[in-house]
Amino acid sequence: MLRQPDFGARQSVPLELDGVVPYPADAAQEYRERGYWIGETHWDVLEASATRNADTVAVCDERRSLTYRELRDNALSQAAVLSAMGIRRGDRVVVHFPNVVEFVETTFALFALGTVPIFALPAHRASEIRYFIEFAEAAAYVTVDKAAGFDYGRLAGELENEFDGLRTVVLPLGDAVAAAEHRESYRCEALPSDVAFLQLSGGTTGRPKLIPRTHDDYLYSVRESNRICGVTSDTVLLVVLPVSHNFTMSSPGILGALHVGATVVLAPNPSPDTAFELIERHRVTMVSVVPPVALAWMNSSLLQSRDLSSLRTIQVGGAKFSQSAAERIEADLGARLQQVFGMAEGLVNYTRLDDDATTVTTTQGRPISEADEVRIVDDNDRDLPAGQAGHLLTRGPYTIRGYYRATEHNAKSFTADGFYRTGDIVTRDERGYLTVVGRAKDQINRGGEKIAPEEVENHLLAHDWVHDVSVVGIPDEYLGERSKAYVVLRTEYAATPPSSLEIRRFLRERELAAYKIPDVVEFVTEFPRTSVGKISKNEQRTPQPEPAR
Ligand code: OOB
């Protein structure tokens, strides 16, 4: 019989993870003294909730529903299995799930062991997953069998063959888990100052960057988010965005809900059919969406036939929400709008529940914490006066000081004194509210899904016929932006170009996440250039008049 992992008393040795930039000692001390970092781990949070709310439903999806006690016990059972497989504290483990209960069980099983999950997105495919395994030297890959139209289990099999020593776990685990024994209480080995997991950055480079977040820093943002967003044990949170995304996890998200004994309902997709039915059935009070989902909901004819009266707050974030759409939310959906402007690297801004209508519809809110330091600077890092648009830099009690294993990139993405360069162009009013007005980073924000053009360009350059390529975001009424690839073919193929469909199929065959595949492909003979000879992406982003025929 498998037993619960037996680590005895909590160890006092901090986790050593190479390639992590720690908070400077004086900053860490200040964050503790001011009561931001209170010395709890994610596992402690679940233990406490399971004690207080044992029989409340913690999380459910279409197939399964778990009380807090069941969630805790299942997580410990899975931890026992993982531990028997040799998975230990500090090991990196790629976690790859669609919106199913197993994601939450697995995440807490890994927290119980002090293992470091890497939160892959449900849409990621072999190309991204392989990279995470290699780059982070992952010990294991955990997923679920066929779900949401994709055979995750098959991918697990392929990866196991490919990577020596990689353990793969495909849920459900079956009998092994049913047999595990539990103790009344379990103290995990992790320390609150340890890296709890690696989140993913939207990315601007050829490969996504990994973001090390500690228990202390993340839980501070979660607790404050709960306070700002009014999450209590009565909250029923509907999750329609990908489970592992930072917005879904922590703003206040799944972790916020589990912190206070609320109920999380996981939706397999954000379509009005699916979501409205779940809102009605579970009397959902709160939901987080990206702008295109908010638009689809407001335009849905199903609004007439479904009862959404339980909905109190609808959070919109991840990409810029237009003022005109924001102004419609309350009347169309019968819930109050809260704008959320956040990033997996840390800083999250919210409009407050008691803000006036103009603030809620025209700004992206203000930071969570009075300790969030925000600077708005010009191209030479000089501070700008209130109201002027500039680069947003930030530092604070839950914003990282560096990406994982990325020394060179960190020198560019962080100032010498530890401010993160967000790449966002914002204005700030006298009250500290931010409005996002643009972006300086080379990233496409496709309705909240982030695409690093360089990553897609590298894949396209692997095509034998392709000589050069440039990927940009072009305006889209619904998504905000969609992606376009300009392709220059090798001269010998220029006369007989492949169809754009073939190019897109080529990318799919390289097992790239579908949202990264360009919406539009155009073959050109050359790129517009700037005066210094660089590709003018700005010109490529601007819609060109149709050529005269
Ligand atoms: C969220 O996190 P990420 O890491 O996927 O993306 C962060 C970037 C920001 O730097 C900004 O460029 C953009 O996404 N963004 C917004 C926005 N919210 C995020 N741009 C304009 N308006 C907004 N409201 O996207 C994220 C993380 C936590 C909470 C919410 C969103």
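A residue is near a molecule or strand if one of its heavy atoms lies within 4 Å of it. Keep that in mind as you move through this predicted model, where local features need pLDDT of at least 70, side-chain atom pairs count only at pLDDT 80 or more, and totals for chains, interfaces and linings use all residues. Residues are numbered from 1 along each chain as its sequence is written, and side-chain values use heavy atoms, with hydrogens and water left out.

Start by selecting the ligand and its shell of 19 residues; His245, Val340, Asp424, Lys441 and Lys450 come nearest. Colour the shell by type and you will find 7 nonpolar, 8 polar and 4 charged residues (Ala, Val, Leu, Ile, Met, Phe, Trp, Tyr, Cys and Pro count as nonpolar, Asp, Glu, Lys and Arg as charged, and the others, Gly among them, as polar).

Next, show the secondary structure (helices, H or I, of at least four residues and strands, E, of at least two, are DSSP runs numbered from the N terminus). Helix H9 (246–250) and strand E13 (336–343) each give the shell at least two residues, and E13 has the largest share, with 4 residues.

Now pick out polar contacts, pairs of N or O atoms within 3.5 Å. At Ala344, a polar backbone atom sits 3.0 Å from a ligand oxygen. At Lys320, a backbone N or O atom is 3.4 Å from a ligand nitrogen. The protein covers 96% of the 600 Å² of accessible area that the ligand has on its own (Shrake-Rupley method, 1.4 Å probe).

Last stop: select Cys188, which is buried at 1% relative accessible area (buried means under 20%, with a 1.4 Å probe and protein chains only). Cys229 is buried too, at 2%.

Notes
Buried means under 20% relative accessible area, exposed over 50%, partly exposed in between (1.4 Å probe, protein chains only). A polar contact is a pair of N or O atoms within 3.5 Å; within protein, one must be able to donate a hydrogen and the other to accept it, and residues adjacent in sequence count only if both atoms are side-chain atoms.
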